Amino acid sequence: MDEIDTRIVALLAADGRISHRTVAERTGISRSAAGARVARLLAGAVVDVRGAVNPELLGHRELAHLSLRLTGPALPVARAVAERTDATLVSVVTGESPVVLELREPDRDRLAAAVAEVRALPGVAGVDVLTYDAVHRDVLGPVGPVTCDLDDLDLDLLGLLQADGRASYVALADTVGLTPAAVRRRVQRLVASSAVRIGGLARYSTYAGQHVTGVAVRLTGSAPPVVADLLAMPEVRFLATTYGRADLLLTVADAHPRPVLEVLEEVRAHPGVREIGTWQHVEVVKESYDALTITRVTRAQAR
């Protein structure tokens with residue numbers, strides 16, 4: 001991985017279907033070199049481009065962040081939790097709770113049962129839970145409600161994009177029985193309506209060479225003004241309002257020219273922030289948004 005590779009990974013993270021021509025223009029290399037680099041990064045599993053489907057369409061209405069206090073080594077616990085299909089993120093981190101994870105469940109009863117199951121795992125001494133009120137920015141997935149009606153062909157396309165976010169329109173068309181032009185229009189509509197976001201996940205712990213820090217924020221007052229200011233910071237990769245020991249949950253990644261410390265100092269200095277707690281991601285054991293089943297009910301039928 002050199003600097004150009006790192007920049008390409010960042011471009012794929014922002015738009016998983018970005019063209020080789022655009023990659024070339026934004027990195028200053030030739031189109032053929034851009035294509036070769038993208039192919040190498042994908043083939044080597046340095047970055048994995050998938051379509052992340054809106055949790056609404058997956059039937060997941062309850063999302064939570066769990067911090068695990070342990071009685072022994074962290075990796076065995078993290079690997080055990082990573083076997084759960086409802087865990088989208090599992091990471092070993094610094095601090096007194098060395099494993100953190102995200103759970104996505106259909107309802108509060110199932111969330112409560114899942115937390116109890118995690119708490120009962122060997123090596124787990126305790127579980128602190130932050131329940132999401134709303135996700136304002138996600139690492140990969142779309143945020144907000146789905147704003148269009150979906151039919152079965154749309155759901156088929158979402159499933160295919162979950163498996164391969166860079167599948168060609170020709171290949172998608174052959175599978176679903178439409179023309180490439182019709183598939184292109186549908187995919188663009190699905191992206192524009194927040195049904196799916198197609199991006200790249202870097203498959204190593206420091207996210208394409210970036211240091212990544214989790215941040216729990218307690219506020220002095222109302223959340224919306226603070227949320228608006230934090231969303232203006234490109235280094236904030238994830239932002240949710242939460243219930244529990246914190247009012248906001250952030251994931252912050254350094255990006256040239258600003259290191260994580262400078263970003264954290266800006267968060268601390270915000271007049272609406274009372275205090276923050278932080279942890280450093282050491283090893284991301286699992287980060288996957290593609291192994292979940294799409295609820296095959298159209299929004300028109302659901303209303």
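Arg17 sits over the face of Tyr169, 4.4 Å from the ring centre. A charge counts as over a ring when NZ of Lys or CZ of Arg is within 6 Å of the ring centre and within 35 degrees of the ring normal. This is a predicted model: local features need pLDDT of at least 70, side-chain atom pairs count only at pLDDT 80 or more, and totals for chains, interfaces and linings use all residues. Residues are numbered from 1 along each chain as its sequence is written, and side-chain values use heavy atoms, leaving out hydrogens and water.

**Barrel**
- Eight strands close a barrel in the order S2-S4-S3-S10-S7-S9-S8-S5, with antiparallel pairing (pairing needs at least two DSSP bridges; strands are DSSP E runs of at least two residues, helices H or I runs of at least four, numbered from the N terminus).
- The twist averages 35° from one strand to the next (axes are lines fitted to C-alpha atoms, for helices over the stretch in contact; angles run from 0 to 180 degrees between N-to-C directions).
- S2 (residues 62-70) and S5 pair antiparallel over seven bridges.
- Ala64 has Thr131 in S5 as its bridge partner.

**Helix on the sheet**
- Helix H4 (residues 74-82) packs on the sheet and touches strands including S2, S3 and S5 (contact means heavy atoms within 4.5 Å).
- The direction of H4 makes about 175° with that of S3.

**Aromatic pair**
- There is one aromatic pair (ring centres of Phe, Tyr or Trp, using its six-membered ring, within 6.5 Å; planes under 30 degrees apart are stacked, over 60 edge-to-face, the rest tilted).
- The Tyr132 and Phe238 ring centres lie 5.7 Å apart with planes at 50°, so the pair is tilted.
- Tyr132 in S5 and Phe238 in S8 are 106 residues apart.
- Tyr132 is buried at 9% relative accessibility (buried is under 20% relative accessible area, exposed over 50%, partly exposed in between, with a 1.4 Å probe and protein chains only).
- Phe238 is buried too, at 5%.
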